[in-house]
Amino acid sequence: MRKLAVVMVGVFGLLFLAGCGDDASESQADHASSPSVSGPAAAVAPGFREGAPSKEGPAPSDSANRKEVITGSVDITADDPIGAAATVTEQVRAMDGRIDSRTEQPGTDDRTARAVLSVRVPADKTDAFITGLGGIGTVTEVSTNRDDVTMQWEDLDARIRALQASVDRLRALIAGATNTADLIAAEEALSSRQGELDSLTAQKRSLDDQVALSTLTITLTADDKKAPGDPDNFWDGIVAGWNSLVDWLRDAVVFAGKAVPWLGFLAVLGGVLWLVLRTVLRRRRPAAPVAPAVVTPAAETTSPTAGHEKEATDADRTGDDQTEQP
């Protein structure tokens, strides 16, 4: 019995050791394989999260460095457009802006008063300025546009800084040049770079001005529901028709007076052309042929010269006959 018990204890001990060995091997295998998966994942995940965009929303942009060019137009209807234009000018100057152009057209019997202003106001005060125009008259239309020129401004700024550094280096080379050839080459390069730098600087200065001051075109007109001088009743219509007829007759008389000198000039010019053409046609016309003179027998008998010649011939013949008879 003791031997059997010892044998059973030994068998159970071997089975226990075998089971422990399998668990250890499996745990070692899992432990060996887990770092290869979880370790790199833990190292990569933070980097991936930092480089990837956030799913919660886009990163906030720096609005302070944003460059925008604001343009727009405002149409206003006022009882006195000329006076309203003067009020707009005062408001622009009060906001440290400026007037680039101003056109005024006073009202007459045939046309309504009108004024057009091109104003420049600080960009950060544009909305407040447009809102304040409502006190001048009735704002009928407002149109504004914001053009983002941040990339253009940054490109100009980077090119200017690079050219400025190049110009500084060239000036240092000129200062330390030891021969004439190097000095001439450096001066030519400096002249080219300096010209390009000045051009870019002027472009950036103009762009800064456009960004700092918005450009607005303000058009002020009178209420054109009824044009000035339109008749209100039948009698006014008759008077307006008579006045228009008198105006037309006056214009016709003036036109006829202007046309008289031109008619005289055209008449003289036509006469000169007619004389020239007549002279040319006469010179080109062929002359008529002259027929030869025909002498009739009657003319020969009646001619005294022919009679004398005939008598002389007869006398000569008679003399010849007398000399031949002996």
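The protein averages a pLDDT of 75, and 65% of the residues score at least 70.

Ground rules I noted: this is a predicted model, so local features need pLDDT of at least 70 and side-chain atom pairs 80 or more, while totals for chains, interfaces and linings use all residues. Numbering runs from 1 along each chain as its sequence is written, and side-chain values use heavy atoms, leaving out hydrogens and water.

Next I checked helix 6, residues 234-284 (helices are DSSP runs of H or I, at least four residues; strands are E, at least two; both numbered from the N terminus). Its 51 residues should span 75 Å at 1.5 Å a residue, and the end C-alpha atoms are 71 Å apart, so the two agree. The expected span is 1.5 Å times one less than the number of residues. I found a kink of about 30° at Ala 259, shortly before Pro 261 (the bend is the angle between axes fitted to the seven residues ending there and the seven starting there).

Last came salt bridges (a Lys or Arg side-chain nitrogen within 4 Å of an Asp or Glu carboxyl oxygen). I get 14 by this rule. In one of them, Asp 209 meets Arg 98 at 3.4 Å, N to O. That pair links helix 5 (residues 180-212) to strand 2 (residues 98-105), 111 residues apart.

Technical notes:
pLDDT is the predictor's confidence in each residue, from 0 to 100.
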